[in-house]
Amino acid sequence: MVVKFLDIAIGGLLMGGIYALIAVGFSLQYGVARVLNVSHGEFIMLGAFATWSLFTLWGVNPLMSLVICAPIFFIIGFVIHRTYYTRLRISSESLAVFEGNSMLASFGLLFVIQNIALIVWGAPVKGYSYLAYPLSFFGAVFSANRIVTLFASVILGLIFYLFLARTRIGKAIRAAAQDPDAAELMGVRINQVLALCFGFGTMMAGLGGLLISMTSVMITPFMGLEYTLIAIIVVVLGGLGNIKGSFIGGFILGLVGTIVSYIQPGLSLVAYYMIFLLLLLIRPTGILGK
Amino acid sequence: MEALTKKYSVLGVLILLLILLVVFPRYVSAYKVILLTNILMYVIITLSWVIFSGSTGYISLAPAAFFGVGVYASAILSKSLFLPIFILIGGLASFCLAFLIGALTLRLRGMYFTMFTFGLVELIRHFAQWWEVNITGTVGRLILALDHITIYYAILIIFLLVLLTSYVIRHSKFGLALQSIGECEEAAAHTGVNVTLVKVLFFAISAFFMGVVGATMTMRWQYIDPPTAFDIRLSFMTVLMAIFGGMGHLYGPIVGASIFSFLDEILATKFPYYYMLLFGVTMFVVILFMPHGVEGVIQKWHKREKSGSSEKT
Amino acid sequence: MAQKGEKRIFRENMRILEVEGVKKNFGGLAAASNVAFHAEQGEIVGLIGPNGAGKTTLFNLVSGALIPDSGVIRFKGKNITGLKPHQITRMGIARTFQSVKVFPKMSVFDHVLLGYLFGNPKCTKSDKTLKEVIEILDFVELSEMRELRSKDLILSNQKRLEVARALATKPELLLLDELMAGLNHTEVIQAMELVRKIREKGVTILMVEHVMKAIMDTCDRIIVLHHGEKIAEGKPEEVAKNKSVVEVYLGE
C-alpha cells in the first residue's frame with residue numbers, strides 16, 4: 001500500500017519536474033513576450049534529438065549536454081524573437097492583433113522545425129539508454145535517470161528563480177511582465193528583454209527535451225505537440241503570466257497524470273484536457289492566478 | 001448601367017465555371033478528377049472556417065476535429081445507410097460537438113478559445129485511440145469505398161452549398177453581426193446582438209460543413225484510424241490557406257485553398273520532407289508582409305489602378 | 001413583460017430608472033457602494049464626480065456589462081438586474097462609451113442598420129428599415145458620410161455615430177458616457193444641441209460628464225459621485241453651491 005503510494009507520488013513528481021520546466025518556458029514566452037508559441041513542443045523535440053545525437057554519435061553524456069544545449073537553444077530563441085517577432089510586434093496595431101499574429105507565425109515555426117527534424121533525423125523512432133539502473137525508495141522502484149531529471153529540473157527551476165529575483169535583468173523581466181510600456185519608459189530596453197524571455201523559453205524547452213530523452217522515452221519528430229498542449233494546460237492551471245504558478249502547476253499536473261495512468265493508462269492526456277476544460281469554465285485565471 | 005453589366009458578366013463567368021466543373025469528369029483522367037476533388041475538399045473546409053473565424057477573429061484550430069468526426073460517422077454508418085444520410089449525420093455530429101464546445105468556451109477570451117480548440121484535436125485522437133483499443137477493439141476500420149466520380153459530384157454539391165451559405169450569411173443581418181463581434185464585441189452586445197448565441201451558432205454551422213466533407217472524403221480512403229481521421233495538420237493547413245488567401249471576400253479562401261492544396265498535392269509526392277518547410281516559411285512571410293493575404297494585395301493593386309496616382313492605402 | 005412599442009401611459013414623473021442599494025467590488029476596491037438614485041421619464045440627469053468616482057461603473061451596471069454584487073436595478077418598474085447587455089438594449093436602454101467603441105471597418109450606414117436590426121425584436125432588412133436608418137442618419141447629420149468606414153471619421157463624428165447606433169435601437173433611456181470628452185468648443189455646443197433634440201423625442205437621458213458647462217446648461221438634475229458613493233443630488237444650481245461637492249472637486 002505504502003509502496004503504491006510512493007510509486008505514484010514520486011512518479012508524479014518526476015513527471016511534474018519536467019512539466020514544470022517546460023511550462024515555465026512557455027509562460028515566459030506567453031506571459032511576458034505575449035507570443036503563444038505553439039512550436040514550444042518542437043523545441044522540446046529538438047532538445048531530445050540533440051541530446052540523442054550528442055550521446056549516440058559523440059558519446060557526450062546528457063548531463064554534459066545540458067551545458068552545451070542551454071546556450072545554443074537560448075541563442076536560437078533570442079535571434080528568432082529579435083528578428084521576426086519584434087518586427088511583428090512593431091507592425092501590429094494592437095496587442096490583441098499581435099497575439100493572434102504571433103500565434104499564427106508560431107505555426108509556421110512549428111512546420112519548419114518539424115520538417116528540419118524530419119530531414120536531419122528521419123521519421124523512425126529513436127532512443128538511448130543512460131543511467132538506466134534501478135534505484136529503490138522503500139520498495140518503490142525507479143530508474144536512476146528519472147531521479148536525476150527530477151533533481152535537474154528542480155535545480156534549474158531554482159537557478160532561474162534566483163535569477164529573476166536577484167539580478168538586474170531578472171527585475172527588468174518582471175517589470176516587463178507587469179507592464180511593458182511602463183517598463184520601457186523606465187529605461188528597460190523592451191526589445192532586448194522580450195527577446196531574452198523568448199530565448200529563455202526556448203532554452204527551457206530544449207533542456208526539457210534533454211531531460212525527457214533521458215527517461216528512455218521514444219524520440220520522434222512528432223512528439224512535440226503533446227508537450228505543447230501540456231505546457232498550455234499547466235500555464236492556465238498556474239495562471240497566465242504567473243511564472244511561479246507554472247512551476248507549481250507542472251508538479252500538480254504531473255501528479256494527476258501519474259494517478260490517471262495508474263488507473264487507466266492511455267487516458268492521461270484526456271484527463272489533462274478535462275482539467276483544462278474545468279479550469280476554463282470555473283476559474284480561467286488559474287488556481288494561483290491573479 | 002456599368003455596374004449592372006459588370007454584375008451580369010460576373011454571373012456569366014460563374015455559370016460558365018459551374019458548367020465546366022460539372023462536365024469536367026467526362027473529359028479528363030481519373031487522376032485529375034481526384035486532384036480536383038481534393039482541392040475542392042480543402043476549399044470547402046477553408047470556406048467553412050472563414051464563415052466563423054474570418055469575421056469574428058476567434059481563431060479555431062478545430063477543423064481537424066470536426067472533419068474527423070465526420071470521418072468516423074462515415075466509417076461506422078456507411079455499411080448500413082445511404083451516402084446522403086450518413087454524411088448528413090456526420091455533419092450533424094460535428095454541429096453538435098461544436099455547439100457544445102462553443103457554448104463552453106466562446107464566452108472566454110479569444111486566446112483561451114484557440115488554445116482549447118488546439119487541444120481538442122489531440123484529445124479526440126487520444127480518446128478515439130483508447131476507445132478503439134480498449135472498448136471496441138477495432139483499431140483501424142475498413143471501408144467499402146465508392147468510385148471517384150460519385151465522390152467528385154458529392155463534393156461539388158457540398159462546395160456549392162457552402163458557397164451559397166457563405167454568400168447568404170455575408171449579406172444577411174448575421175453577416176453584419178459577426179463582423180461587429182469581430183470588431184468590437186462589447187459594443188455589439190450593447191447594440192442588441194446576442195453575442196454568445198451568434199458565436200456558438202455560426203461556429204457550429206461552420207463545423208457542420210467540415211463534418212459533411214469529412215464523411216464524404218472517407219469514402220475515398222479504404223482504411224481509417226484515429227491518426228488518419230484526426231490529423232492536426234489539417235487544422236494548420238486550413239488556417240494557412242485562409243490567411244494566405246485573405247478573408248474579406250468570398251474569393252480569398254477559394255484562391256488560398258486552391259493554390260495550397262494544389263501545391264500540397266504536387267510537392268507531397270516529389271518532396272515529402274520539404275513541402276511543410278515551404279508552408280511554414282510562407283506563413284512567416286504572409287503574416288509579416290501580407291496580413292490581408294492575396295486579397296489584400298489585389299485590393300491594394302485595385303485601389304492604385306483606380307486612383308491612378310500613388311495613394312496611401 | 002412590457003414590450004417596446006407597447007403603449008404604456010406614463011404619468012409625468014414616472015420613474016423610468018431606479019437604482020437601489022447597488023454595490024460592486026473589484027478585488028477589495030468598492031467601485032460602487034450602496035448607490036441609490038432614480039431617473040424620471042423625460043429628464044436629463046447628469047452624473048458627475050472626480051475621476052475614479054465610479055460613474056462608468058454605474059453605467060456598466062445599468063447596461064448589463066457588469067453585474068452588481070448586491071442591489072436592484074429597475075427599468076420601467078421591471079427588475080433588470082443581472083440581465084445581459086443585449087437583453088437590456090432590446091428592452092429600451094442604449095448607451096455610448098467613454099472610449100468611443102465603433103466598428104472600425106464597418107460603414108456608418110451599417111452601424112445604424114445593425115442597431116436597428118438587432119436592437120428591435122423581429123426586424124428584417126426591408127425598405128421601411130432602410131428608410132428609418134436614413135432618417136436616423138439625418139437626425140445626427142451623418143447622411144453624407146454614410147458610406148465611409150467609421151475609422152475614417154473624426155472623433156466628433158464617431159461620437160455622433162455611436163449616438164446614431166444607440167438611437168437605432170429605439171431606446172427610451174439613453175446613457176451617454178462623456179459625450180463631450182475630446183470635443184472642441186463648437187463641437188460641444190453641437191453635442192448639447194443634439195442631446196436636447198433627443199430629449200424632445202421623448203428619450204430620457206442619463207449623462208456622465210466632466211464638461212461643467214454642458215452639465216449645468218442641459219441637465220434637469222445632477223447626481224454627484226465620489227469613491228463609489230452618492231454625495232449630492234439636486235438641481236444644477238443647488239449642487240454647484242453644495243459644500244461637500246466643492247470640497248471634493250477642489251481637493252482633487
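Let's start with a pair of helices: α1 (residues 2-32) of chain A packs against α9 (residues 224-238) of chain A at an angle of about 75°, with the axes 8 Å apart. This is a predicted model, in which local features need pLDDT of at least 70 and side-chain atom pairs count only at pLDDT 80 or more, while totals for chains, interfaces and linings use all residues. Residues are numbered from 1 along each chain as its sequence is written, and chains are lettered from A and ligands numbered from 1 in the order in which they are written.

**The helix pair in chain A**

- Two packed helices are described by the angle between their axes and the distance between the axes.
- Here axes are lines fitted to C-alpha atoms, for helices over the stretch in contact, and angles run from 0 to 180 degrees between N-to-C directions.
- α1(A) and α9(A) are therefore roughly perpendicular to each other (a term for angles of 65 to 115 degrees).
- On the α1(A) side, the contact includes A:Tyr19, A:Phe26 and A:Tyr30, and on the α9(A) side it includes A:Tyr227, A:Ile230 and A:Gly238; two residues are in contact if their C-beta atoms, placed from the backbone, lie within 7 Å.
- The residues of this contact divide into 11 nonpolar, 2 polar and no charged; Ala, Val, Leu, Ile, Met, Phe, Trp, Tyr, Cys and Pro count as nonpolar, Asp, Glu, Lys and Arg as charged, and the others, Gly among them, as polar.

**Chain A as a whole**

- Chain A has 11 helices and 2 strands; helices (H or I, at least four residues) and strands (E, at least two) are DSSP runs, numbered from the N terminus.
- Along the sequence, the pattern is α-α-α-α-β-β-α-α-α-α-α-α-α.
- The radius of gyration of chain A is 19 Å, close to the 19 Å that the globule rule gives for 290 residues, so chain A is as compact as a globular protein of that length (the radius is taken over C-alpha atoms, and the rule is 2.2 Å times the number of residues to the power 0.38).
- The C-alpha trace of chain A spans about 60 × 45 × 35 Å along its principal axes.

**Two sheets in chain C**

- One open sheet has 4 strands in the order β2-β1-β4-β5, with antiparallel pairing; two strands pair if DSSP finds at least two bridges between them.
- β2 (29-40) and β5 (78-79) of chain C are at the edges with a single partner strand each, so one side of each has no neighbour in the sheet.
- Within this sheet, β1 (residues 15-26) and β4 (residues 70-75) of chain C pair in the antiparallel sense over 5 bridges, and C:Leu17 stands opposite C:Phe75 in β4(C).
- Another open sheet has 6 strands in the order β6-β7-β8-β3-β9-β10 of chain C, with mixed pairing.

**Helices across the strands of chain C**

- Helix α1 (residues 55-63) of chain C lies across β1, β2 and β4 of chain C, at about 65° to β2(C).
- Helix α6 (residues 185-200) of chain C lies across β3, β7 and β8 of chain C, at about 150° to β8(C).

**Where chain C meets chain B**

- In this interface, 23 residues of chain C are in contact with 16 residues of chain B.
- α3(C) gives the most to the side of chain C that touches chain B, with 7 residues.
- That side of chain C has 10 nonpolar, 6 polar and 7 charged residues.

Key: Angles under 35 degrees count as roughly parallel, over 145 as roughly antiparallel, 65 to 115 as roughly perpendicular and the rest as oblique.
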